[in-house]
Every structure is written in C-alpha cells, then in structure tokens.
Amino acid sequence: VFSPTGRYLRDVTPDSIGAAILAGVEHPAYAKIAVPALAFYAVADSARDVISWYATLDSAGRAAADKVFEAFTPFASAAREQFQREVKQGRMIELHGAHHYVFISNAAEVAREMRAFLVSR
C-alpha cells in the first residue's frame, strides 16, 4: 500500500508468500553442464545492496525490504553452492556489492575474469 505521493505505507501480502514463491522456483540442472562454465553471482550483503532507493524508505519500508532480503538470501546461497558442487568444470565469481547486471556494475572485473577463463581453457 502506497500513499498518494508514492510513499510506501505497509504490506498487504502475507509474510508466507515470499517463502512460497522461492519454494516453487526450480534450481537449474547444473549437473548436466558438461563443458567448462563461468558463473558470475552478484552477492548482496544487505538490502541496501539490492535496493538503490533503500535510504529513502521510512522505517516500515526498510523493515519490509530487510524481510524480503532475509527470505531471498538462503535461496541465493543455495544456488551458488549448487553451482560449485555440480558443475565439474565450473568457475564461480562472487561480486560483492554488485547489482543484478554485473556486466554493467562491474564491467572491468567481468571482462578481466572472462578473458582469464577463456585463456585458461
């Protein structure tokens, strides 16, 4: 629920919905990858890393953002662990403080890691 000016006021979605959505998301079949693979993961350390407008939220908005972040964190960690465990020829790069579009937020690092990966093959 938002005010007429667009300010976040409160949630109407039950707390259980986020977990239910994530429970229904299937992880990729990483074990089927039979070639060298490079994976970049944007690792958020807090909701502030994910939500660029976090500082503008009031206390209720921050609490809601933190709740969503806490629900998503185990899912994201499990995805990274699964990649490491199942991709036999995999290399994983974790980029802390990057956003979803790591090729934009960390362009130089992504290019460097891609070149290094390709040269090593």
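## A buried aromatic pair

Tyrosine 30 and phenylalanine 83 are both buried, a term for under 20% relative accessible area, against over 50% for exposed and in between for partly exposed (1.4 Å probe, protein chains only). The two form an edge-to-face aromatic pair, 5.4 Å centre to centre with 85° between the planes; rings of Phe, Tyr and Trp (its six-membered ring) pair if their centres lie within 6.5 Å, and planes over 60 degrees apart count as edge-to-face, under 30 as stacked and the rest as tilted. This pair links distant parts of the chain, 53 residues apart, with tyrosine 30 in the loop between α1 (16-23) and β1 and phenylalanine 83 in helix α3 (residues 59-86).

The model is predicted, with local features needing pLDDT of at least 70 and side-chain atom pairs counting only at pLDDT 80 or more, whereas totals for chains, interfaces and linings use all residues. Residues are numbered from 1 along each chain as its sequence is written, and side-chain values use heavy atoms, with hydrogens and water left out.

## Other aromatic rings

Four aromatic pairs are found in the whole structure, and ring pairs link Tyr30, Tyr41 and Phe83 into a cluster.

## Helix α5

Helices (H or I, at least four residues) and strands (E, at least two) are DSSP runs numbered from the N terminus. The buried residues of α5 are Val110, Glu113 and Phe117, and they pack against β1 (37-43), β2 (90-96) and α4 (102-105), where contact means heavy atoms within 4.5 Å. The face of α5 turned away from this buried side carries the exposed residues Ala108, Arg115, Leu118 and Val119.
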